[in-house]
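Try each task before reading its solution.

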Amino acid sequence: MSKDLEELMDHECEEAQKRAREKVESRWRMRERQKKQNEAFVWSPENVAKILHLNDKLWVLMQEADRIGKAIYSDIQKMIGEGKDYYDKDADVEVRIIYEDVLAEGAEEDTLWDSVNTWYGHNGLDSMNDYDGAPLNWNINEFARPELDGHYICYMMHWYFHEGLYSLQDAVTMDPEQFRIYTKIYN
């Protein structure tokens, strides 16, 4: 290998390591931010009401995303059955629920987004909504609170505020109307 190619390779490796380190450091900063904000979170009646309002909105979006994903998949299967050859038999519909607004100060939005970006449903959301026909309640971890007893906590609340790096403080400042359903067809 020529000296120029070796130098270029070394430079690219250094840049990749630098970006990877920055990504990991940002993730740890956001994890620490989440931990501190969750520890300081006050379960006041006002905050509980905001948490439950966001939960209700996300639950409605989950049901709608499930309906949309299944309907699109069904439509594709019908078209395939009718001889339309522009869809593959293994076509798949990806369904996501994404937050589209600015977060509070101190949040590294790209890192927060990356922390929840891996979630999606295929052809609907059945596996996240119920088990053997009974709704799943994700009132665990941060949501295992006496203030939330008797309330159904949906999977998206668990995903964003436990699996992801969003804090409970983020939950009460987020605008529930800024969550959107996205679909993508893989053919």
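**Exercise 1.** Find where Met 1 sits relative to helix H1, and decide whether Met 1 is buried or exposed.

*Solution.* Start with the chain: Met 1 falls in the segment before helix H1 (3-40), where helices are DSSP runs of H or I with at least four residues, strands are E runs of at least two, and both are numbered from the N terminus. This is a predicted model, so local features need pLDDT of at least 70, side-chain atom pairs count only at pLDDT 80 or more, and totals for chains, interfaces and linings use all residues. Residues are numbered from 1 along each chain as its sequence is written, and side-chain values use heavy atoms, leaving out hydrogens and water. Next, the cover: Met 1 counts as exposed because its relative accessibility is 66% (buried is under 20%, exposed over 50%, partly exposed in between; 1.4 Å probe, protein chains only).

**Exercise 2.** Work out how many helices and strands the protein has, and in what order they run.

*Solution.* Count up: there are 6 helices and 5 strands. Then read from the N terminus: α-α-β-α-β-α-β-β-α-α-β.

**Exercise 3.** Compare the protein's radius of gyration with that of a compact globule of 187 residues.

*Solution.* Take the rule, 2.2 Å times the number of residues to the power 0.38, with the radius taken over C-alpha atoms. For 187 residues a compact globule would come out near 16 Å, whereas the protein has 21 Å. Now look at the extents: the C-alpha trace spans about 70 × 60 × 30 Å along its principal axes. Finally, check burial: 36% of the 187 residues count as buried.
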